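Work through the following exercises with the sequence and the model side by side, and try each task before reading its solution.

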Amino acid sequence: MNYDIIGDIHGHADKLKELLHKLGYQLEDGVYLHAEGRKVIFLGDFIDRGPKIREVLHIAKNMCDSRNAMAIMGNHEFNAITFHTKNKNSGGFYRKHNFSQIRQHYATLEQFNKYPEEWGLFLEWFKELPIYLDLDDFRAVHACWDSIHVDWLREHFNGFTNQFIDNASNNQHDAFIVIEELLKGKESPLGNGISFNDKDGTERFDCRVKWWQPVGSRSKYKDIMMECPLELMDNKLAVNEYYNYQEEKPVFFGHYWLKGTPVIENIKAICLDYSVAKEGLLVAYQSEYLFTENPSDGFVYHKG
């Protein structure tokens, strides 16, 4: 089976439709399908930020329901679940309804304002999404593949029950770090009071780690830290100071808001998020190119 793996969409339905057409999918009876039987794998983050979130969700869910696609959960889908799930133990909701959280989720709330029942159905669909896929030739996860976390899920995860949501929202529970790192990635404290402002203007004291960066390409902090503050950029790294993916089976992921023309930094760990919600690219990778001499030919994206 050949797959077209698509990164974070964030409500950009027009770009999704253009990309699907470019990949050879056609709309038939309300569902996008491929004449050669190819399937899409969506890497999560369907919602928030973009102008046509409802349409994106209908396209993706219809494709999944008809078995023309598979999808995994993104951190924004998990955030939506916790934002809308009441905490029966301490009151309120599992994700706070403060200014920062509402701002991030506002486009979704606004676009579903007149469709509450429909939104409820999508929330239930989010709970059915797997956290990862481990297929014969490759893997997929939203932010970071860590086999220790995956093994923990295989043993302990039985769906997004209220109990699991409670555990995953408690930073003292194993479920919290498992979900945090698989869906949001690994981070490292900057220390010494150093901080930076992220893409939304929020001050951060921890920095996302480019865990997919090959060890041979790591010599300074700027090589491994995303949005690395100036005062740390040229600091030297110790050997194997940060987690790196060393397994044989390739893994695809999104989440990281990369910029520019898509490139492969590590053939075993390929990021497909190129900031479509920040006037970047919506990117796909065609699986049959994984094992060719020119794997970079597998990238497909819409420039418009």
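A residue counts as buried under 20% relative accessible area, as exposed over 50%, and as partly exposed in between, with a 1.4 Å probe and protein chains only. The model is predicted, so that local features need pLDDT of at least 70 and side-chain atom pairs count only at pLDDT 80 or more, whereas totals for chains, interfaces and linings use all residues. Residues are numbered from 1 along each chain as its sequence is written, and side-chain values use heavy atoms, with hydrogens and water left out.

**Exercise 1. Cysteines**

Classify Cys-64 and Cys-207 by accessibility, and determine how many disulfides a search of the whole structure finds.

Solution. Cys-64 counts as buried because its relative accessibility is 17%, and Cys-207 counts as buried because its value is 0%. Taking a disulfide as a pair of cysteine sulfur atoms within 2.5 Å, the search of the whole structure finds 0. Cys-207 is in no disulfide, and the nearest cysteine sulfur, which belongs to Cys-228, is 5.9 Å away.

**Exercise 2. Positive phi**

Locate Trp-257 and Glu-279, and decide whether each is buried or exposed.

Solution. As background, most residues other than glycine have a negative phi. Trp-257, with phi near 55°, is found in the loop between E12 and E13, where strands (E, at least two residues) and helices (H or I, at least four) are DSSP runs numbered from the N terminus. Trp-257 counts as buried because its relative accessibility is 13%. Glu-279, whose phi is about 65°, lies in the loop between strand E14 (273-274) and strand E15 (281-286); Glu-279 is exposed because its relative accessible area is 81%.

**Exercise 3. Strand pairing**

Describe the hairpin of E2 and E3, then give the strand order of the open sheet of 4 strands.

Solution. Two strands pair if DSSP finds at least two bridges between them. Strands E2 (residues 25-28) and E3 (residues 31-34) run antiparallel and are joined by 4 bridges, with Tyr-25 opposite His-34. The hairpin has 2 residues between its strands, and Asp-29 in the turn has a positive phi of about 55°. The open sheet has the order E6-E7-E12-E13 with mixed pairing, and its edge strands, E6 (132-134) and E13 (269-271), each pair on one side only. Within this sheet, E7 (residues 139-141) and E12 (residues 251-253) run parallel and are joined by 2 bridges; the partner of Ala-140 in E12 is Phe-252.

**Exercise 4. Pockets**

Solution. On a 1 Å grid over the protein atoms alone, a pocket is an open set of points where a 1.4 Å probe fits, with protein on both sides within 12 Å along at least five of seven lines, and lining residues have an atom within 4 Å of a point. Of its 49 lining residues, the closest to the centre are Gln-104, Glu-187, Asp-198, Arg-204 and Arg-208.
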